[in-house]
Amino acid sequence: MAKLYFYYSAMNAGKSTVLLQSAHNYQERGMRVLLLTASIDDRFETGQIASRIGISAEACLFDNDTDLVALIQNEINQQRLSCILIDEAQFLTKEQVYALSEIVDKQHIPVLAFGIRTDFQGELFEGSQALLAWSDKLIELKTVCHCGSKATMVIRLNEQGTPVKEGAQVEIGGNDRYLSVCRKHFKEAVRD
Ligand SMILES: [Zn+2]
């Protein structure tokens, strides 16, 4: 049975690396995969999923208005798909996650979604909330805090390196940086 998988983590846990390795595993067996990433992520060339260890692949883009069922059906009409892999899945809407579950249940194509669980205020992203609720399998990708504990939270630092406590969930075009930390150090960073 095809399944909906959610690989979740804090920042810099190697999500894109795992995604690209998974895609490669399908492709070397001659299977066709579809890669998707959020158009909001402009760190790299448009339509690219790039890993920090230096590998990358072309990807289709989605935003909040993308009809994923139509996009995926169009791909299937061209040629059979063996797997769909989605980077930046925290930016999916709740409706898009539901649409992906329909692809799994009706087209029997596995969907692997990779995303950050919580934002810099410790709140779930919409896509991650829906994926935590609707996925068949939840897989945590681990990374470490500077103290050596598992990092589960993300803090946003402004240009001065000071933790940001308020603001939009997604900062577009800003110079803020993100740091993955354990819960204890997250609390210390955002405390007034
Ligand atoms: Zn820590």
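Modeller: The answers below concern a few residues, their surroundings and one record.
Modeller: This is a predicted model, where local features need pLDDT of at least 70, side-chain atom pairs count only at pLDDT 80 or more, and totals for chains, interfaces and linings use all residues. Residues are numbered from 1 along each chain as its sequence is written, and side-chain values use heavy atoms, with hydrogens and water left out.

Biologist: Where does Asp119 lie?
Modeller: Asp119 lies in the loop between β7 (111-116) and α4 (126-134); helices (H or I, at least four residues) and strands (E, at least two) are DSSP runs, numbered from the N terminus.

Biologist: Which side chain of opposite charge is nearest to Asp119?
Modeller: That is Arg156, 7.4 Å away. Lys and Arg count as positive and Asp and Glu as negative, while His and the chain ends are not counted.

Biologist: What is Asp119 in contact with?
Modeller: Beyond its neighbours within four places in sequence, Asp119 is in contact (heavy atoms within 4.5 Å) with Phe125, Val154 and Gln169.

Biologist: Changing topic, where does UniProt place the "binding site"?
Modeller: The unreviewed UniProt entry lists several positions, including Met11, Ser16 and Asp87. Such annotations may be inferred rather than shown by experiment.

Biologist: Is Ser16 buried or exposed?
Modeller: Ser16, in helix α1, is buried, because its relative accessible area is 11%. Sequence neighbours within four places aside, Ser16 is in contact with Ile49, Ala50, Ser51 and Asp87.

Methods:
Buried < 20%, exposed > 50% of the residue type's maximum accessible area, 1.4 Å probe, protein only. Salt bridge = Lys/Arg side-chain N within 4 Å of Asp/Glu carboxyl O.
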